[in-house]
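Q: Got a model here that I'd like to go through with you. Can you take my questions as they come?

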Amino acid sequence: MFLRLLSDVRWRAANPKWRRMTCSRRSTSSTAEPHPISLPAQAQVVICGGGIMGTSVAYHLSKMGWKDIVLLEQGRLAAGTTRFCAGIVSTARHVSIELKMADYSNKLYQQLEQETGVKTGYMKTGSISLAQTQDRLISLKRIASSLNVMGIPCEIITPKQVAQLHPLINIHDLVGAMYVPEDALVSSANVSLALATAASRNGVQIHERTSVSHVSVQKGRVTGVETDRGQIQCQYFVNCAGQWAYELGHSGEEPVNIPLHACEHFYLLTHPLKEPLASSLPTIVDPDGRIYIRNWQGGILSGGFEKNPKPLFTEGRNQLEIQNLQEDWDHFEPLLSALLRRMPDLEALQIMQLVNCPESFTPDMRCIMGESPTVRGYFVLAGMNSAGISYGGGAGKYLAEWMVNGYPSENVWPLDLKRFGTLQSSRTFLRHRVMEVMPLMCDLKVPRWDFQTGRQLRTSPLYDRLDAQGARWMEKHGFERVKYFVPPGKDLLDLDQSKTFYKPDWFDIVGSEVKCCKEAVCVIDMSSFTKFEISSTGDQALESLQYLFSNDLDVPVGHVVHTGMLNEKGGYENDCSIARLSKRSFFMISPTDQQVHCWAWLKNRLPDDSNLTMEDVTWKYTALNLIGPRAVDVLSELSYAPITPEHFPSLFCKEMSVGYANGIRVMSITHTGEPGFMLYIPIEYALHVYNEVMNMGQKYGIRNAGYYALRSLRIEKFFAFWGQDLDAFTTPMECGREFQVKLEKGMQFVGQEALLEQKQNGVYKRFTMFILEDHDTDADLWPWWGEPIFRNGRYVGKTTSSAYSYTLERHVCLGFVQHFDEKTGEELVVTTDFINQGEYEIDIAGQRFQAKAKLYPLSSLFTHRRRKDEVELSGVHGKPVQE
Amino acid sequence: MLAASCCDRRMCVCPGPRRIAIPVRSSRLPLLSDAMPAPAHLFPLIRNCEISRICSTVCYCHHKHLCCLSSHFAHSHFRYAPQKKFAALYRPKENFNHFIHARDYASTPQRFYLTPPQVNSILKANEYSFKVPEFDGKNVSSVLGFDSNQLPANAPIEDRRSAATCLQTRGMLLGVFDGHAGCACAQAVSERLFYYIAVSLLPHETLLEIENAVESGRALLPILQWHKHPNDYFSKEASKLYFNSLRTYWQELIDLNSGETTDVKEALINAFKRLDNDISLEAQVGDPNSFLNYLVLRVAFSGATACVAHVDGVDLHIANTGDSRAMLGVQEEDGSWSAVNLSYDHNAQNEHEVERVKMEHPKSEEKSLVKQDRLLGLLMPFRAFGDVKFKWSIELQKRVVESGPDQLNDNEYTKFIPPNYHTPPYLTAEPEVIYHKLRPQDKFLVLATDGLWETMHRQDVARIVGEYLTGVHHQQPIAVGGYKVTLGQMHGLLTERRARISSVFEDQNAATHLIRHAVGNNEFGTVDHERLSKMLSLPEELARMYRDDITIIVVQFNSHVIGACQNEEL
């Protein structure tokens, strides 16, 4: 019945190719052959899935000049989730890359009807996000700030203004709202058909009623696609199978993990009101009530994200579950209550239907895009977390760029498939996690949020010990890491109550941990780091690494080198520390979430040589970070090896015994700029070494510390952080790390040309540290990341991370400053003078705070330096921090 | 004087200005909606809302048969209402309090309000559950377990409950006892009756063995395994006295040895009659211990009804004396629930019972035997334990009272002789026994005192317990289909369904769940927290006006075992 409700556009009529296809089908229909047009034997690209994602990828690929494309759809085009999608294009997004995708989609859809002649139902209605609480309003203000600097009109309005914009809304419980006038409504199925039409005009072949059974892989590359109608050889395969993407990924011999899971999603359709609603009426999003409401054919369409989602298809596609996909009114009741509370006048409105349309969700609420780490040429675009129509255009564009150019035009790491590994692919994990993720769609996004489900998956051997000492945990790439230690007798707030945009309740706890790091010694368990060992029989390891890394790795044995792993544009693919263990073997430490990405990057680039081996030894070592001026004393007592600065200079690595345990890799780095050591301990010795360190450390005032303390330490010292501050679009030149690049190391390395060019011409953005001046830590909103930076009143960039510096007693924000031409908006070279000669302000949820910009860390912080001219100090502001 | 004040609209909740805002309770409404097939549920419900709005001006008064219909029956603490002048003398202090509190309550109507956890702690204070191991080493049990609970209205509560497994014979005994004129008789019956039944069921050899053991001072074979809530106490002082009476009983049984296998029905009847007889005798004989002497007199002068179930495999016997009730919950093939009565109330509403009483007495007394639906115009149940005032001759009553302790002598009530008292006994404890062979569709048995049956129809009881035991997923999903439904109507319906579900999840005990419904049900047949809260926060003196003590045992049967037993017999 519902299929008839959405006007079905005859896109095929507008498409000459389709006309041919239909004609030929008619002519052969007497022979009862269902598929008259046979599949091509080969193609460059095969796209599986004819929803908004598949058609968008096809559209953009064909626009970029790739013509030999086949799009396969198991049913009819735009018949899956896309058909049932609510059709709201909303740019109010928290993550900036998502915001950009939504903005692009909006602009694309707007001109799509003109471009293709297919009616898309595009209607610029605007959207109003309501706030029932002050915290919600803060959250909206933060989004408003980022929308505004992107040039998307947006304003914070009062409840009265809401009432003027929408006649039906009950505004009595509102404190404010955000109005985005350019948000739009579309018929999602028709947008999809329009994209298909345009793609098909550009030469893309579209085959309906063709399902892909599996993807053939040879030597780690896609070679072809097996369908129920035969085989197609291809170089690229794009999995846009939506909620079936996981299953499809696992159907081949070489599984591709696409961690997503479907949940039922309900929305309500009503008959028109007595006085039908205007189609230009803005869409209402009431996150506190967990609902959205849009006008729909004179009536309303309203759905939401309930607290108790119903996950389905855990064990794969299942006919029984499909049949059971019915209206569940009891389940919808809380949302209906919220709707009637928001619009009490709708009581008398007649119900047309409750639509149950499964949506797919991912473990971290962000969509999945990119190339598989295990199978080259296997691309994925799925897991839209019910925002498919908002992201569709932008996501398709980025993926097409990725395929054609090797990398998209924006940093899409937050969406990259490689942020997940096999560990996020357990169906139980996904089922539990999406049950948490779906309600989060409407929950308040506060700083430092941790997922509660799917926890304690990867843990250090010290987990229980630390937990018993009051550790509070967060998770990164499935690994449990300590945030801070709650001292005995002190109680922190419950999880829900501790959600705040202001000063958190752990403030003093972390403060005392930081103090201990500065004055005595602390232990931080940093076992989650990704650790690789690369070795060879000859010089292959050194040669390969010299090519892949920007710094000079041909250092004496026992030295540790901080270096970037750069791409061709000189951007950071990874930021790591590499210790030369012997002439022919290297020990490489990278951020936790690099495990999949870095592995794939190196695998694809290292020569195929059986004499060169790379091993992931992450699980083999427990890492303890001994930070503080007394670290050297503690370690001296535990080992006979001399560790005085003369024997153990900074950035040095030595295998030695600690306590009874032998073979501990001790490195004189701490990732914070503080003096101390990292201990890489074979896991069976972890507890022993930890106990020894804690016992011996007692007289030096040792205590446990967590990552929040580490974060405060590294940010006040202006240390950049891969994944937050650094990404594939940041070069060492832009963040003052020229010293980590050996441009003249006697051989070529990846990104060298780009860096040379930058060195000559200057950089277009500069990593800068800001110290907030008139910010009251107790009373004002805390910075987080993504806050716009204003220079002399003009927008120049965004912050990437921030922390409170207990030493400076100020907030420190790190971020990139750009230089836009005042008239043309063109990007100009950023010079040191440009940075230094400006008055800066940081915008936190609409409130601007004065900030002092610094290009170098404050020397006053380095009171505990060990040796004045040490390498670590000369490179102090560019030392990598890995998390 | 006080009786008049009852209808002075202060104590009584007759129609008039409502002091306690409790919506109307009409058993017709849930029935109406029950009768409809599930999808159509929607519409009658909406209509029901309107009906209830119209009706809500009528005040609910559940005790109309006690205080509204007749100004004679002023005092609700008593099942049989003493006459006017007498009522004034009986426990005048309490009546006075009654009066004061009623006024207090009226002046601050919102004073008592309970939070959901408070409500739960009241409702759950007396709940008890017992799970029977499916195979206890000897027998496969047809009983899965039982849930029991009681909610007091009187202070102290006059209801009692018992549950025990017979150890020397097979089977399980469960019973509810509703006391009147105090709780002494109900307490005694709850402690003693099962022993009498168990002994009646024992084979000759076992009786001999037990007697020999007692004779030679050896350890006695345990007869019963009790399943008791901590609040269910046994009086230690009287145990010796009770034991002696019981021993006399089994000695007689040994002497009478008929050699026949014991018939359960006969055993139940004998046990009931014998216990009542012993209660009567003990009071006549008295006891040198003054405390015990007073106790046996209080037991004899108060009364108690009893409804006892004996379950052994597929054989279910219900022995009932009085107006408590046993009901079987049956699940029909379509999944719906129906109720089968397994007992007859012994009261004025039962024609056969009225007939029986009239048969047992001369025609001249026909008019005075049953008045205002009460035996001799006083007693509601027509069969009961104790109540020697309706059993002994006038001479015996006078003699015992005069020779009895002062407390008894001072009590006007015990001295009072019922009017038209010519040919005692008027009352018997002999039970009516109904046998039922359990079938796989018989899912549970509810034993409950009249406090439950006054507020709930058995059909509703069957449905609520049935839905509770099987889980709520049997609630039919709603489909709008082609109907014209507005958002508001749908919302109303969903809220109501939600309330029903949430009340189920709150309870781990079927009896508690039933009490929650009995006390808190609104016009939709769903639990209304506000109503529940008000009913439970009534001051002690007022509680009895709105509800009676409620005691419930829900026994769940094991359909697999019952089905297997059936097949064996085939």
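Q: What area is buried between chain A and chain B, and what percentage do carbon and sulfur atoms give?
A: About 1,500 Å² is buried between chain A and chain B, with carbon and sulfur atoms giving 63% of it. Buried area is the accessible area (1.4 Å probe) that two parts lose on being put together, summed over both. Bear in mind that this is a predicted model: local features need pLDDT of at least 70, side-chain atom pairs count only at pLDDT 80 or more, and totals for chains, interfaces and linings use all residues. Residues are numbered from 1 along each chain as its sequence is written, chains are lettered from A and ligands numbered from 1 in the order in which they are written, and side-chain values use heavy atoms, with hydrogens and water left out.

Q: How many residues touch across the interface?
A: 17 residues of chain A contact 15 residues of chain B. Contact means heavy atoms within 4.5 Å.

Q: How many salt bridges and polar contacts are there between the chains?
A: Zero salt bridges between chain A and chain B. A salt bridge is a side-chain nitrogen of Lys or Arg within 4 Å of a carboxyl oxygen of Asp or Glu. Six residue pairs are in polar contact, both at pLDDT 80 or more. That term is a pair of N or O atoms within 3.5 Å; within protein, one must be able to donate a hydrogen and the other to accept it, and residues adjacent in sequence count only if both atoms are side-chain atoms.

Q: Which element gives the most to the side of chain A that touches chain B?
A: α11(A), with eight residues. The elements giving two or more residues there are β14 (266–270) and α11 (329–342) of chain A. Helices (H or I, at least four residues) and strands (E, at least two) are DSSP runs, numbered from the N terminus.

Q: New topic. How many helices and strands in chain A?
A: 23 helices and 42 strands.

Q: What is the order of the six-stranded open sheet?
A: β32-β33-β34-β31-β25-β35 of chain A, with mixed pairing. Its edge strands are β32 (653–658) and β35 (703–704), each pairing on one side only. Two strands pair if DSSP finds at least two bridges between them.

Q: How many bridges join β25 to β31?
A: Four, and the two strands of chain A run antiparallel. I524(A) stands opposite N625(A) in β31(A).

Q: And I681(A), buried or exposed?
A: I681(A) is buried, because its relative accessibility is 0%. Buried means under 20% relative accessible area, exposed over 50%, partly exposed in between (1.4 Å probe, protein chains only). I681(A) sits in strand β34 (residues 676–682) of chain A.

Q: What does I681(A) contact, leaving aside neighbours within four places in sequence?
A: Its contacts include K620(A), L624(A), I664(A) and V689(A). The C-alpha atoms of I681(A) and K620(A) are separated by 8.2 Å, with the two 61 residues apart along the chain.

Q: Where does N574(A) lie?
A: In strand β28 (residues 572–582) of chain A. N574(A) counts as buried because its relative accessible area is 0%.

Q: What polar contacts does the side chain of N574(A) make?
A: One joins the side chain of S590(A) at 3.3 Å. Another, of 3.4 Å, goes to the side chain of Q594(A).
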